[in-house]
Amino acid sequence: MNIKENDSEKNETKLKIIEMLNKIRPYLIGEGGDIKFIKYENNIVYVQMIGACAGCSLIDVTLNDGIKEMITTEIPEVVDVINVDQ
């Protein structure tokens, strides 16, 4: 399901995403990692896991069962969260 958003809605969604990431960030920092918002496009959030999170064997669990679950629950227009290597 792809929900089209106008620019105003997209910007509002982007702000909500960043707010959610800021709530999650202290837990990641506590484990020696962090998360960086890259972009929001086509209802997908692109992030970069950094620090200890980047090399962690549990990165998929953290990303899918933690971060993605929290964001898609709170912001229904988001359909996926993808980690990008930069």
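In this predicted model, Asp34 belongs to strand β1, which covers residues 33-41. The side chain of Asp34 is joined to that of Arg25 by a polar contact of 2.7 Å. Leaving aside residues up to four places away in sequence, Asp34 touches Arg25, Leu28, Ile29, Gln48, Met49, Ile50 and Cys53.

Two side-chain pairs with computed distances are set out below.

| Pair | Kind | Distance |
|---|---|---|
| Asp34 and Arg25 | polar contact between side chains | 2.7 Å |
| Lys39 and Tyr46 | charged end over ring, to the ring centre | 5.0 Å |

In the second pair, the ring of Tyr46 has the charged end of Lys39 over it. Aromatic pairs, by contrast, number zero in the structure.

The largest pocket holds about 240 Å³ of space. Two or more residues of its lining come from each of α1 (7-30), α2 (52-55) and α3 (59-74). Which element gives the most to this lining? That element is α3, with five residues. In total, 14 residues line the largest pocket, and those nearest its centre are Tyr27, Leu28, Glu31, Cys53 and Thr62.

Notes
Residues are numbered from 1 along each chain as its sequence is written. This is a predicted model: local features need pLDDT of at least 70, side-chain atom pairs count only at pLDDT 80 or more; totals for chains, interfaces and linings use all residues. Side-chain values use heavy atoms; hydrogens and water are left out. Rings of Phe, Tyr and Trp (its six-membered ring) pair if their centres lie within 6.5 Å; planes under 30 degrees apart count as stacked, over 60 as edge-to-face and the rest as tilted. A charge sits over a ring if NZ of Lys or CZ of Arg is within 6 Å of the ring centre and within 35 degrees of the ring normal. On a 1 Å grid over the protein atoms alone, a cavity is a set of points where a 1.4 Å probe fits but cannot get out, and a pocket is an open set with protein on both sides within 12 Å along at least five of seven lines; lining residues have an atom within 4 Å of a point. Grid points are joined across faces, edges and corners, and a volume is the space filled by probe spheres set on the points. Helices (H or I, at least four residues) and strands (E, at least two) are DSSP runs, numbered from the N terminus. A polar contact is a pair of N or O atoms within 3.5 Å; within protein, one must be able to donate a hydrogen and the other to accept it, and residues adjacent in sequence count only if both atoms are side-chain atoms. Contact means heavy atoms within 4.5 Å.
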